[in-house]
Structures are given as C-alpha cells and as structure tokens.
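Me: Please take a close look at one part of this chain for me. I would like to know where it sits and how open it is to the surroundings.

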Amino acid sequence: SLFRDMADRCMRQMLDRQAQEIRELVAPRIDLLDKALRSEEILAEWADAETALNAALYHLRHLAQTWKPVLSHDMFQSTIGYLADVLFTLFADQVLKAKDFS
C-alpha cells in the first residue's frame with residue numbers, strides 16, 4: 001500500500017541519517033586507533049576512542065528512549081541493533097587494521 005511504502009521509506013531515511021550521525025561522531029576520533037593498538041605508549045588516541053564510544057552510546061540511548069514508546073518491539077530491536085552494528089563495525093575495522101597488538 002502507498003502508506004506502508006511511505007512509512008518504510010521514511011524509516012529507512014531516518015536510519016540512514018542516524019547511521020551517518022554515528023559515523024560522524026565516531027570516525028574522526030578513532031581514525032588513528034589502529035596505531036594506538038600497536039603502541040605500548042598511552043596515546044591520546046585511546047582517550048579519543050573512549051570519547052567517541054561514549055558519545056555514540058549516549059546518542060543510541062537517546063534514540064532508544066525516543067523510539068521505544070512508538071515502535072513495535074521487533075522494529076525497535078531491529079533499528080537499535082542496526083545502529084549498534086554501525087557503531088561497533090567502526091571500532092572493529094580499526095582493530096582489524098592493527099596487524100600486531102602490543
């Protein structure tokens with residue numbers, strides 16, 4: 001139906017926008033995390049990565065508080081799960097980029 005298609009399109013656009021916000025919050029702050037993972041020194045990249053993670057988790061918690069009352073249980077889990085996957089993939093990519101761990 002027309003309304004279902006509009007709702008699906010709107011939801012996809014909203015998720016894409018939120019995923020982009022998470023990328024913009026996190027990516028610049030963890031750009032050098034792979035380097036920090038290979039270092040024995042305490043580097044600013046660790047603090048930046050922690051700040052990025054905390055900012056993104058705050059964003060996810062805010063979205064969860066907003067969406068939980070209005071989305072079905074399955075849709076809520078799916079949307080928050082998708083955005084959490086976006087977040088953790090950013091970190092996993094950095095970990096996988098670091099070939100050797102100290």
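The part I have in mind is Glu-40: where is Glu-40 found, and is Glu-40 buried or exposed?

Reply: This is a predicted model. Start with the place. Glu-40 lies in a loop, the one between α2 (33-37) and α3 (44-67). Now the surface. Glu-40 has a relative accessible area of 75%. The cut-off for exposed is over 50%, so Glu-40 counts as exposed.

Next, a distance. Take Gly-81, 41 residues from Glu-40 along the chain. The C-alpha atoms of Glu-40 and Gly-81 are 33 Å apart.

The whole chain gives the setting. It has four helices and zero strands. In sequence order the pattern reads α-α-α-α. The radius of gyration is 17 Å, well over the 13 Å from the globule rule for 102 residues, so the chain is more spread out than a compact globule. The C-alpha atoms fill a box of roughly 55 × 25 × 20 Å along the principal axes. Of the 102 residues, 31% count as buried. Contacts tell another part of the story. Among those with a separation of 6 or more, 73% join residues 24 or more positions apart.

One more surface feature is worth a look. Leu-2, Phe-3 and Met-6 make a nonpolar surface patch of about 360 Å². Met-6 belongs to helix α1 (residues 2-26). Its relative accessibility is 40%, so Met-6 counts as partly exposed. For the chain, the accessible surface is about 7000 Å², and carbon and sulfur atoms hold 57% of that.

Notes. Residues numbered from 1 in each chain as written. Predicted model: local features only at pLDDT ≥ 70, side-chain atom pairs only at ≥ 80, totals over all residues. Heavy atoms only, no water. Helix = DSSP H or I, 4+ residues; strand = E, 2+ residues; numbered from the N terminus. Buried < 20%, exposed > 50% of the residue type's maximum accessible area, 1.4 Å probe, protein only. Patch = residues over 30% accessible without salt bridge, like charges linked within 9 Å, V, L, I, M, F, W, Y side chains within 5 Å. Areas by Shrake-Rupley, 256 points an atom, 1.4 Å probe, with all protein chains shown as cover. Salt bridge = Lys/Arg side-chain N within 4 Å of Asp/Glu carboxyl O. Rg over C-alpha atoms; globule rule 2.2 N^0.38 Å. Contact = heavy atoms within 4.5 Å.
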